[in-house]
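The following exercises are to be worked with the sequence and the coordinates at hand. Each task is followed by a solution in steps.

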Amino acid sequence: MRIIVVENYEEMSAKGAELFVEVMTAKKNCVIGLATGSTPIGLYNNLAKACAEGKVDFSEVTSVNLDEYYPLAPDNDQSYRYFMNKNLFDKVNIKKENTFVPDGTAKDPEAACKEYEQRIDALGGIDIQVLGIGRNGHIGFNEPDANGLFAETHLTALTENTIEANSRFFASADEVPKHALTMGIGSVFKARKIVIMANGADKADAIKKMVEGPISTMCPASLLCLHPDVTLICDKSAYSLVK
Ligand code: GLP
C-alpha cells in the first residue's frame, strides 16, 4: 500500500483528484468507482472544477457507486443517488444513463444486487475506485463481522455505530435506514486502482487498524492490504495513531 500523509482535507482532496484525472486522461471511456460521505466531497469539487476548466472530460465515462441505503428512494435527499447528483453528476458532463448506484427501491434486493455485480463485470471492472472509511473500519457498508464478509454486492444490516455516525444527516437516528445494498469486498477488488481517503481524528483508530493489521474481517479496510494497487491519502490527524 502506498501511503500519502498530507496536512489537511484540502490537500487530501487535491491529491485524490490528481489520481483520478491521471486515469481519466489516459482512458477517456474509463469506469470510475465512487463513494459517498463527507470524505470525497472535496475530491468531487476538484473534479467539477477540472471539468469546467476543460482539464477532464466525463462524456465517455461510466460510474458505479459503492452503496445505497435500503429502502430509500433516489429522490430522498438522504439517498446516495441524490448525494451523487448534487455533489458531482449535476456539475460535470457525465451522461446520467452512465451513472449507476444500487437501487434502494428494488422489490427484490437480492436480484438487484446480482444484477449490479453483473454490471460491474460487464463493464470490465473499475479503473479507479475511491473509498472513504467508517469509524469502525467499514468500507462501503461492509461492516466489521467476526463471522466473515461477503465478496459480492449484497443486502446488509447496518451496525449501531454506523447508524449513529450517519444519523447526523437525518432528523434522528430512528430515521436512518437499518439496511443497505453494498458492493462486497470482492466487488471493490475488481478495481484496478483503489484510492482510500481519510481525514480527522475520529478516523485515526480505523486507519491504525487498517495499516498495522492484523488483516481481519473485524476491520474490513484491512483487507485492502491484499490488493496490489492501493493508495491511502490521509491527513495527519487520521494518521496520528500509526506507529
Ligand atoms: C458511510 C458510507 C461509506 C463512507 C462512510 C464514511 O457509511 N457508506 O462509504 O466511507 O460513511 O463517511 P464519511 O466520509 O462521512 O466519514
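The exercises below concern a predicted model.

**Exercise 1.** Determine which residues of the largest nonpolar core touch the most other members.

*Solution.* Step 1: the largest nonpolar core holds 61 residues. Step 2: within this core, Tyr44 and Phe58 touch the most other members. Step 3: with neighbours within four places in sequence left aside, Phe58 is in contact with Met24, Ile32, Leu47, Cys51, Leu88, Val92, Asn93 and Ile94. Step 4: another core, of nine residues, lies apart from the largest one, and Tyr69, Phe141, Ile163 and Ala180 are among its members.

**Exercise 2.** Locate Ser13 and decide whether Ser13 is buried or exposed.

*Solution.* Step 1: Ser13 belongs to helix H1, which spans residues 9-26. Step 2: the relative accessible area of Ser13 is 2%. Step 3: the cut-off for buried is under 20%, so Ser13 is classed as buried. Step 4: beyond four places in sequence, the contacts of Ser13 are Gly42, Leu43 and Asn46.

**Exercise 3.** Describe the surroundings of the ligand and state how much of its accessible area the protein covers.

*Solution.* Step 1: the ligand is surrounded by 14 residues, of which Ser38, Thr39, Asp67, Arg168 and Lys203 are the closest. Step 2: for Lys203, a polar side-chain atom lies 2.6 Å from an oxygen atom of the ligand. Step 3: for Arg168, the corresponding distance from a polar side-chain atom to a ligand oxygen is 2.9 Å. Step 4: an N or O atom in the side chain of His138 is 2.9 Å from an oxygen atom of the ligand. Step 5: on its own the ligand has 390 Å² of accessible area, and the protein covers 94% of this area.

Definitions and conventions
Residues are numbered from 1 along each chain as its sequence is written. This is a predicted model: local features need pLDDT of at least 70, side-chain atom pairs count only at pLDDT 80 or more; totals for chains, interfaces and linings use all residues. Side-chain values use heavy atoms; hydrogens and water are left out. A nonpolar core is a set of buried Ala, Val, Leu, Ile, Met, Phe, Trp, Tyr and Cys residues joined through side-chain atoms within 4.5 Å. Buried means under 20% relative accessible area, exposed over 50%, partly exposed in between (1.4 Å probe, protein chains only). Contact means heavy atoms within 4.5 Å. Helices (H or I, at least four residues) and strands (E, at least two) are DSSP runs, numbered from the N terminus. A residue is near a molecule or strand if one of its heavy atoms lies within 4 Å of it. A polar contact is a pair of N or O atoms within 3.5 Å; within protein, one must be able to donate a hydrogen and the other to accept it, and residues adjacent in sequence count only if both atoms are side-chain atoms. Accessible areas come from the Shrake-Rupley method with a 1.4 Å probe; for residues, only the protein chains shown count as cover.
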